[in-house]
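Trainee: I have a model open and would like to learn how to read it. Could you take me through it one feature at a time?

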Amino acid sequence: SKGITQKHLASKLGVFPNAYFRIEEGTRKVTVGEALIISEVLDEPLEKIFFTDKLLIMRRSQQFEINL
């Protein structure tokens, strides 16, 4: 953990903390601009924050295709 609070991230995004919480829980879509800000504040690449599950699924499907 980097010690960054939801309140801090919400402030950086210019949204209320409950709106940021909804982004984290997946009930509010994030804009490209918001994603870039989150990536910058967390000092993590976009792919690691937003696409990890999809990349894992893609890798699994590629493995499946290779194993056929």
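This is a predicted model: local features need pLDDT of at least 70, side-chain atom pairs count only at pLDDT 80 or more; totals for chains, interfaces and linings use all residues.

Trainee: How many helices and strands does the protein chain have?

Mentor: Helices (H or I, at least four residues) and strands (E, at least two) are DSSP runs, numbered from the N terminus. Here there are five helices and zero strands. From the N terminus, the order reads α-α-α-α-α.

Trainee: What share of the residues is buried?

Mentor: Buried means under 20% relative accessible area, exposed over 50%, and partly exposed in between (1.4 Å probe, protein chains only). Of the 68 residues in the protein chain, 18% are buried.

Trainee: At what angle do helix 1 and helix 2 pack?

Mentor: Axes are lines fitted to C-alpha atoms, for helices over the stretch in contact, and angles run from 0 to 180 degrees between N-to-C directions. For helix 1 and helix 2 the angle is about 105 degrees, with the axes 8 Å apart. Now name the angle: under 35 degrees is roughly parallel, over 145 roughly antiparallel, 65 to 115 roughly perpendicular, and the rest oblique. Helix 1 and helix 2 are therefore roughly perpendicular to each other.

Trainee: Which residues meet there, in helix 1 and helix 2?

Mentor: Contact means heavy atoms within 4.5 Å. Gln6, Lys7, Leu9, Ala10 and Leu13 in helix 1 meet Pro17, Tyr20, Phe21, Ile23 and Glu24 in helix 2.

Trainee: At what angle do helix 1 and helix 3 cross?

Mentor: Roughly 130 degrees, with axes that come within 10 Å. Helix 1 and helix 3 are therefore oblique to each other. On the helix 1 side, His8, Leu9, Lys12 and Leu13 take part; helix 3 brings Glu34, Ile37, Ile38, Val41 and Leu42.

Trainee: Which residues form the largest nonpolar core?

Mentor: A nonpolar core is a set of buried Ala, Val, Leu, Ile, Met, Phe, Trp, Tyr and Cys residues joined through side-chain atoms within 4.5 Å. The largest one has nine residues: Leu9, Ala10, Leu13, Val15, Ala19, Tyr20, Ile23, Ile38 and Leu42. Helix 1 (6–13), helix 2 (17–25) and helix 3 (32–42) are the elements that each give two or more residues to this core.

Trainee: Is leucine 9 buried or exposed?

Mentor: Leucine 9 is buried, because its relative accessible area is 4%. Leaving aside neighbours within four places in sequence, leucine 9 contacts Ile4, Tyr20, Ile38, Val41 and Leu42. Leucine 9 and leucine 42 are 33 residues apart in sequence, yet 8.9 Å apart in space, C-alpha to C-alpha.

Trainee: Now two glutamates. Is glutamate 34 buried or exposed?

Mentor: Glutamate 34 lies in helix 3. Its relative accessible area is 10%, so glutamate 34 is buried.

Trainee: Why is glutamate 24 called partly exposed?

Mentor: Because its relative accessible area is 47%. Glutamate 24 is found in helix 2.

Notes
Residues are numbered from 1 along each chain as its sequence is written. Side-chain values use heavy atoms; hydrogens and water are left out.
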